[in-house]
Amino acid sequence: MPEPARQTRSVPGGAPEEKRPEAARGVAANAWAHQLTGGKPAVSNRGLARALLARQDLLAGTHAPTQRQHADVEAVLHPGSRVVVTPPSSSSSSATVTVVGPPAMTGGGPGGAFEVAMLAALRTNVRGWANVLRTRRAAGPAVFPMAQANDIALAAQEEVERHFDSWIQGATRQAADLYHPGAFHLASVLGDQSGRALDDGQRQGWTSYWMTLDGVGQQVLDTHHVLEDRDGAEFTRVLQLYALDPANRGDIDDAIHSWPAEAGTGTVFIQPFADPAADTRTIRWDLFTTLIHEMMHKVAHPNFERTAQAIGGSAQKYMTEGFADLMRHDLWDGAGGLRARLGTRAGAALRRRVEGASYPYDASKIVYHNDYTEIAQARQIRRHVGMENCKAAFFLGHTELLGIGAGTGATTSLAGLADWQTSDAADEQIYTSQAGDTLGSISGRTGVPERSLRRENPRDMPGGADPAAGSRIAALGIRYVRAIQGDTLGTVARQNGVTVAALAAANGFPAAAPDSTALAAGRRLMIPRRP
């Protein structure tokens, strides 16, 4: 939900996002699709993506984060932390990587410097947002009637689902999830932000949000070295001191009502009281790009959202708002190329839908609603682990690929949500032999040809001899994933582009194990080498 009361700006909205390996993946998929259809364009893009899903490896290009990458991400998630690398003590040992958290909190307690500064920041900013809405209400009726938003919402949803279709279609879904491809319609869940009902629980939730918002409370947290997972009691005390004070209720409610959009519940609330001085076409493009951001919240995997919530504090906003904008850029001025398409004949229909009528193309009218400043932290995480890992975490729920798990500071347990382990990178292409294993059985389980196993393991399998139990066998081409809530053999097989039979054999399941075989969240699964 982008920040309120900000000026829109002409596109492009920030530095263009770099092109990533998914483009190459798409080329390969299109080549296979050409063979599948006999060279005839007989399948729609959406139908073709679904047909390809059984063959496509959605985790291609991902990798198990190293200990250093985990530490770098941890330092991003917890402001004030730093990574310390201790050189190896001998030639046979490795460097030690640790994360040193910020110093102990300062200024705590009733009447302390932290309380005083945070309350001042909240009062100033919240009242400012509230006054913007009050001024616009006093000026007259809402500038942008809610009914005009429906087709814009539909267009935003279509663009998000078109570009990220493979990840969206391939994600594990459960019946209780709010989003299901083909069944969710953004236009049907729109609500009026300016008049929504509020209670004390929501006021506390928003206050917590503002306390970790850059430019509002985050600087106060940083100044006094406050981490919610470590200093939660003091954080909550100050939060409630502000949020539950009846004197602040009017400002809090109008500030919430002033917000441009929000998708924290099943409803996507949008703001009808736009700047009355703004051009109508500009307002419509601002709403379109805002709704792309809100749609990103809907397609974000529930396990990604649960992981962010479990970590809590500022990290939660880096992951939710920052990653939503990271993916919005991938669509807008990254691999999706939406912004560039708008100036072409192919973009004319979309321009007409968003602008409400046919107008000559005018780039100055096309604005991109400002990013959250938390996109900076999302980009840092992308730099550490790569865009493919970020997409697998965001859309498929594999948050272990962000290096989140063992050693990650969190307000509640990450077990079954994010299960990265320190050994993941070292073990990424290693098969640990079991009693009774032979060259042939290992090849059959891993999918790695026998000649490759012999070549890569001359010490443990000299001449193709059977290895001793517990040997670390290099099996180039395999990888490991951890199951998330709701996973089955079928969902994991489809996401990784292997057959259920191959996945079952690789992990010791019966040969006839059905697609629907449930997997415990956090279970480590070997993905055999693809043919």
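In which loop is the place of Pro 145? This and other close-up views below come from a predicted model.

**View 1. Pro 145 sits in the loop between helix H4 and helix H5.** Helix H4 covers residues 113–139, and helix H5 covers 150–163. Pro 145 has a relative accessibility of 37%, so it counts as partly exposed.

View 2. H11 is mostly covered, with 19 of its 20 residues buried. At the start of the helix, look for Asp 279. One of its side-chain oxygens comes within 2.9 Å of the backbone nitrogen of Arg 281.

**View 3. Three strands form an open sheet in the order S4-S6-S5.** The pairing in this sheet is mixed. Strand S4 (190–192) and strand S5 (261–262) are the edge strands, each pairing on one side only. Strands of a sheet pair through backbone hydrogen bonds, in either parallel or antiparallel fashion. S4 and strand S6 (residues 268–270) run parallel and are joined by three bridges. Across this pair, Gly 191 stands opposite Phe 269 in S6.

**View 4. His 225 has a positive phi without being a glycine.** Its phi is near 55 degrees. The residue lies in the loop between helix H8 (218–223) and helix H9 (232–243). How accessible is His 225, in relative terms? The value is 25%, so the residue counts as partly exposed.

**View 5. The largest pocket has a volume of about 1100 Å³.** Its lining is made up of 33 residues. Nearest the pocket centre lie Ala 263, Gly 264, Glu 305, Gln 316 and Thr 320. Which helices each supply at least two lining residues? They are helix H7 (200–211), H9, H11, helix H12 (302–311) and helix H13 (313–332). By class, the lining holds 11 nonpolar, 13 polar and nine charged residues.

**View 6. The largest cavity has a volume of about 170 Å³.** Four cavities of 30 Å³ or more turn up in a search of the whole structure. The largest cavity is lined by 15 residues. Ala 64, Leu 401, Glu 428, Tyr 480 and Val 481 lie nearest its centre. Strand S10 (residues 479–482) gives the most to this lining, with four residues. Six lining residues are nonpolar, two are polar and seven are charged.

**View 7. The second largest cavity holds about 90 Å³ of space.** Its lining has 13 residues. Leu 227, Glu 228, Gly 312, Gly 313 and Ser 314 lie nearest the centre. H13 provides the largest share of the lining, three residues. The class count is seven nonpolar, four polar and two charged. H13 is also among the helices that supply at least two residues of the lining of the largest pocket.

How values were computed: Residues numbered from 1 in each chain as written. Predicted model: local features only at pLDDT ≥ 70, side-chain atom pairs only at ≥ 80, totals over all residues. Heavy atoms only, no water. Buried < 20%, exposed > 50% of the residue type's maximum accessible area, 1.4 Å probe, protein only. Polar contact = N/O pair within 3.5 Å; in protein donor to acceptor, adjacent residues only side chain to side chain. Pairing = 2+ DSSP bridges. 1 Å grid on protein atoms, 1.4 Å probe; cavity = no way out; pocket = protein on both sides within 12 Å on 5 of 7 lines; lining within 4 Å. Points joined across faces, edges and corners; volume = space filled by probe spheres on them. Nonpolar A, V, L, I, M, F, W, Y, C, P; charged D, E, K, R; others polar.
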